Amino acid sequence: MDEQDLSYLRSAIALAYEARARGQHPFGALVVADGQILAQAGNISGGPKGDATQHAELIAVSEASRRFPPERLARATLYSSAEPCAMCAGAVYWSRISRVVYALSEKRLLELTRNHPENPTLSLPCREVFARGQRRIEVLGPALEEEAAAAHLGFWT
């Protein structure tokens, strides 16, 4: 992981703070290829009227998939403020994105959310999801875990 990775990861964390400021769950993600941000999103799945499938990673991957060809996505990295869940890992896999860099681990997220009904943590690391596929996806993380955790402090109480 280099300084550019850390910079993009901090951008994902900033998107998580923006989502929180809108009353959404504090998660953010961006898809980057060839030094260009292809898509970015904050979470919009929180609250009683939210769509549970609208995780930041899924939104960003979906947008990038609609706008760019698979060959471009094959060179892309998903940067996420938290480890992608199984749903989001599946989206990464099917989109052909070849690399994931995340900040907050699923294990650390569970420590923060505990048994919150809006975030029933699924203990299935993205590395395990990707390991079942037919192509390799590089995964780096956790990194900047405490910076990412700060966006969650006091949110899940």
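**Helix packing, burial and charge pairs**

Analyst: Start with a pair of helices. E57, L58, V61 and S65 in helix 2 meet M87, C88, A91, V92 and S95 in helix 4. Contact means heavy atoms within 4.5 Å. Helices (H or I, at least four residues) and strands (E, at least two) are DSSP runs, numbered from the N terminus. This is a predicted model, where local features need pLDDT of at least 70, side-chain atom pairs count only at pLDDT 80 or more, and totals for chains, interfaces and linings use all residues. Residues are numbered from 1 along each chain as its sequence is written, and side-chain values use heavy atoms, with hydrogens and water left out.

User: At what angle do the axes of helix 2 and helix 4 cross?

Analyst: Two packed helices are described by the angle between their axes and the distance between the axes. Axes are lines fitted to C-alpha atoms, for helices over the stretch in contact, and angles run from 0 to 180 degrees between N-to-C directions. Here helix 2 (residues 56–67) and helix 4 (residues 86–95) cross at roughly 15°, and their axes come within 9 Å. Helix 2 and helix 4 are therefore roughly parallel to each other. The cut-offs: under 35 degrees is roughly parallel, over 145 roughly antiparallel, 65 to 115 roughly perpendicular, and the rest oblique.

User: How many salt bridges does the structure hold?

Analyst: A salt bridge is a side-chain nitrogen of Lys or Arg within 4 Å of a carboxyl oxygen of Asp or Glu. The structure holds 8. One of them joins the side chains of R10 and E147, at 2.9 Å from N to O. R10 lies in helix 1 (residues 3–21) and E147 in helix 7 (residues 145–150), so this pair ties together parts that are 137 residues apart in sequence. R10 is partly exposed, at 38% relative accessibility. E147 is also partly exposed, at 33%.

User: Which residue forms a salt bridge with E111?

Analyst: R108 does, with the closest N and O atoms 3.4 Å apart. Both residues lie in helix 5, 3 residues apart, about one turn of the helix. E111 is partly exposed at 42%, while R108 is buried at 19%. Elsewhere, salt bridges that share partners join D5, R99 and E138 into one network.

User: What is the nearest side chain of opposite charge to E106?

Analyst: For charge, Lys and Arg count as positive and Asp and Glu as negative; His and the chain ends are not counted. For E106 the answer is R127, 11 Å away. E106 is buried yet has no salt bridge. E106 is found in helix 5 (residues 106–113). Leaving aside neighbours within four places in sequence, E106 is in contact with E83, T121 and L122.

Methods:
Buried means under 20% relative accessible area, exposed over 50%, partly exposed in between (1.4 Å probe, protein chains only).
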